[in-house]
Amino acid sequence: MLPDGDVVVIGAGAAGLAAAAFLRRLDPSRRVTLLDGAARPGAKILISGGSRCNVTNVSVSERDFCGGKPAVIRRVLRGFPVAETIDWFASLGVSLHEEAHGKLFPDTNRSRDVLDALLREADASGAVLKAGTRVTGLTRTAGGFSIETAAGSLTAAAVILATGGQSIPKSGSDGAGLELARRLGHTIVPTTPALVPLLVDHRSALQGVAHDVELSIWTEGARTARLSGALLWTHFGVSGPVVLDASRHWLRARLEQRAVRMTVNLRPGDNFESLERFWTSTAAERPRASLASAAARLLPASIGATILAGTRLDPQMPLAHFTRGDRRRLVQALLEWPLAVTASRGYDYAEATAGGVALEEIDPGSMASRRCDGLYLIGEMLDVDGRIGGFNFQWAWASARVAARALASRR
């Protein structure tokens with residue numbers, strides 16, 4: 001039999017560690033026990049941001065997230081703004097610096113330092129961490145909750161569920177927490193990977209090429225998302241920030257069994273008219289130049305060769321023989337090159353999970369369940385997923401803070 005706690009936090013990842021530490025600092029009289037199935041909690045923190053941990057972003061709003069209602073997301077985020085996040089980490093000995101696109105990383109560029117700081121703070125606050133203790137059952141009782149684990153059972157007056165979604169299941173986020181929430185009356189919005197590389201038809205000639213593009217997702221014939229950023233061609237398909245951000249849109253449409261396709265604008269910033277002017281002026285200035293050499297002025301050579309092959313144009317054709325019809329066909333291909341996505345790399349390679357506990361079933365002022373009294377839900381297990389850039393971590397810190405504040409004032 002494990003010792004009972006006033007509050008048991010299930011899951012010692014980013015949100016769980018923060019919630020336990022916040023709660024103990026706000027109300028030292030509360031006994032707080034952290035349970036985590038992993039022998040060494042925090043694996044996802046360690047591998048995040050290329051093992052540097054993109055802690056947050058200089059500018060975070062509900063517009064950076066998908067999933068639940070924006071008004072609900074906005075209210076939670078306001079419970080712990082970015083400025084307070086920066087100050088909190090500084091108080092833990094982790095100062096942050098800004099990089100491209102507002103991303104904030106630890107000055108040491110070590111995710112290990114972020115995890116160690118969170119573990120130290122949870123311990124210093126008086127929270128009790130029991131690693132290697134997987135929760136197998138959670139039941140509402142007259143006095144609170146009964147929690148079953150492989151090491152025994154314990155009771156709690158309140159429970160914070162912070163088990164994450166399903167991304168990188170080897171870290172412990174395998175969906176078990178979602179099942180616990182479902183059994184306690186919650187609706188689970190069907191999940192898909194998010195921020196995940198995509199599989200496309202094999203294009204070995206492009207492997208290793210990275211460049212800026214604009215991706216469009218077309219659902220039922222209408223453009224439903226347009227995103228810009230760097231794309232990386234790989235041995236399995238495509239990756240890079242813009243692909244990770246686009247992945248959830250493609251996967252959600254597939255989940256809903258809607259017709260979806262993706263196209264690449266290989267010349268972001270250009271339009272049909274500007275590209276047509278390029279080809280006509282280049283043909284006038286260099287009529288003997290080949291299509292391939294002219295295309296190399298617009299694109300990496302390997303991509304230019306792929307586009308010409310895909311449009312069945314002879315790369316050695318002199319521009320003097322480049323007809324108006326062929327020119328317009330090539331311009332259209334440059335602006336809307338079809339990306340033959342077949343699938344994603346799955347949860348093993350996903351940085352986040354789309355879907356989860358329905359957000360409308362949570363009180364955004366406290367993160368308390370509207371379905372089960374005494375239950376609080378935070379972090380990635382909710383139907384909220386942010387774009388790449390530190391937004392999912394900010395959601396973890398903010399939702400943890402809101403829950404801790406609410407529990408500290410609960411009597």
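This is a predicted model: local features need pLDDT of at least 70, side-chain atom pairs count only at pLDDT 80 or more; totals for chains, interfaces and linings use all residues.
Which elements do the buried residues of helix 10 pack against?

Residues are numbered from 1 along each chain as its sequence is written, and side-chain values use heavy atoms, with hydrogens and water left out.

**View 1. The whole chain, to get your bearings.** You will find 12 helices and 23 strands here; helices (H or I, at least four residues) and strands (E, at least two) are DSSP runs, numbered from the N terminus. Along the principal axes, the C-alpha atoms fill a box of roughly 85 × 45 × 35 Å. Of the 411 residues, 56% are buried, meaning under 20% relative accessible area with a 1.4 Å probe, protein chains only.

**View 2. Helix 10 and its neighbours.** The buried residues of this helix are Ile303, Gly304, Thr306, Ile307 and Leu308. They pack against strand 13 (210–219), strand 14, helix 9 (291–295), helix 11 and strand 17 (337–339), a contact being heavy atoms within 4.5 Å. Just after helix 10, look for Arg312, which takes a positive phi of about 60°.

View 3. Rolling a probe the size of a water molecule over the atoms shows where empty space is left. On a 1 Å grid over the protein atoms alone, a cavity is a set of points where a 1.4 Å probe fits but cannot get out, and lining residues have an atom within 4 Å of a point. Grid points are joined across faces, edges and corners, and a volume is the space filled by probe spheres set on the points. The whole structure holds one cavity of 30 Å³ or more, and the largest cavity has about 40 Å³ of space. Its lining is made of Trp279, Ala295, Leu298, Leu299, Gly304, Ile307, Leu308, Leu330 and Leu334.

View 4. A pocket is an open set of points with protein on both sides within 12 Å along at least five of seven lines. Of its 15 lining residues, the closest to the centre are His101, Ser228, Pro241, Asp245 and Ile388. Strand 14 (222–233) and helix 7 (241–255) are the elements that give two or more residues to the lining, with the largest share, four residues, coming from strand 14.

How values were computed: Buried means under 20% relative accessible area, exposed over 50%, partly exposed in between (1.4 Å probe, protein chains only).
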